[in-house]
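Subject: Structure handover

Hello,

Please find the structure below, with notes on what turned up in it. The notes go residue by residue first and come to the whole chain at the end.

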Amino acid sequence: MSPKTAEHMTSHQAHHAVDGVMVHPSDGEAWKRFNSVHPHFSAESRNVRLGLCTDGFNPFGSFAAPYSCWPVILTVYNLPPGMCMRRLMNNKKRLMNSFAK
């Protein structure tokens, strides 16, 4: 990991939540529940928290075709939202555009 990125890996701990507004996944109930269930992991703020999601689609537009694509998106939740989500969306758009050509 680059030293420039490593500086941001503890931003979720320094983040101050605003009541009723979810700005970062650390504001959510699932994050707080994970912290209470796994106190050894949550004690070190540099431990990497990942989100994994997939979204299947058929690149040829026909459900009868035997081909489908399942892009896998991995998000590092330790980073500030502006760093991880912006790159994720740009990469997803690039991926979708490559299938459109």
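Ser26 is buried in this predicted model, because its relative accessible area is 11% and buried means under 20%, with exposed over 50% and partly exposed in between (1.4 Å probe, protein chains only). The residue sits in the loop that joins helix H2 (11–14) to helix H3 (29–37). Helices here are DSSP runs of H or I with at least four residues, strands are runs of E with at least two, and both are numbered from the N terminus. Once neighbours within four places in sequence are left aside, Ser26 is in contact with His12, His15, Trp31 and Lys32, where contact means heavy atoms within 4.5 Å.

A word on the ground rules. Residue numbers start from 1 along each chain as its sequence is written. As the model is predicted, local features need pLDDT of at least 70 and side-chain atom pairs count only at pLDDT 80 or more, while totals for chains, interfaces and linings use all residues; side-chain values use heavy atoms, with hydrogens and water left out.

Aromatic residues

Rings of Phe, Tyr and Trp (its six-membered ring) are taken as a pair if their centres lie within 6.5 Å; planes under 30 degrees apart are called stacked, over 60 edge-to-face, and the rest tilted. That rule gives a count of 1 aromatic pair. The pair is made by Phe34 and Phe41, edge-to-face, with 5.6 Å from centre to centre and 90 degrees between the planes. Phe34 has a relative accessible area of 34%, so it is classed as partly exposed. Phe41 is also partly exposed, because its relative accessibility is 27%.

Charged residues

How many salt bridges does a search of the whole structure find? The search finds 1, with a salt bridge defined as a side-chain nitrogen of Lys or Arg within 4 Å of a carboxyl oxygen of Asp or Glu. It joins the side chains of Glu44 and Arg46, at 2.8 Å from N to O. Glu44 belongs to the loop between H4 and E1. With a relative accessible area of 32%, Glu44 is partly exposed, whereas Arg46 reaches 56% and is therefore exposed.

Cys53 is part of strand E1 and is partly exposed, at 38% relative accessibility. Leaving out neighbours within four places in sequence, Cys53 is in contact with Pro71, Val72 and Ile73. From Cys53 to Val72 the C-alpha distance is 6.0 Å, although the two are 19 residues apart in sequence.

Val76 lies in strand E2. Its relative accessible area is 24%, so Val76 is partly exposed. The C-alpha atoms of Val76 and Arg49 are 6.0 Å apart, for a separation of 27 residues along the chain.

Val48, Leu50, Leu52, Val72 and Leu74 make a nonpolar surface patch of about 500 Å². Strand E1 (50–54) and strand E2 (72–76) are the elements that give two or more residues to this patch. Patches are built from residues with over 30% relative accessible area and no salt bridge; like charges are joined within 9 Å, and nonpolar side chains (Val, Leu, Ile, Met, Phe, Trp, Tyr) within 5 Å. Leu52, in strand E1, is exposed because its relative accessible area is 63%.

The chain as a whole

The chain has 5 helices and 2 strands, in the order α-α-α-α-β-β-α along the sequence. Of its 101 residues, 20% are buried. The accessible surface is about 7,700 Å², and carbon and sulfur atoms hold 60% of that; areas come from the Shrake-Rupley method with a 1.4 Å probe, and for residues only the protein chains shown count as cover. Among contacts with a separation of 6 or more, 45% are between residues 24 or more positions apart.

Confidence is given as pLDDT, the predictor's confidence in each residue, from 0 to 100. The chain averages 75, and 72% of the residues score at least 70. Confidence is highest in helix H4 (residues 39–43), at 91, and lowest in helix H5 (residues 81–100), at a mean of 58.

Regards
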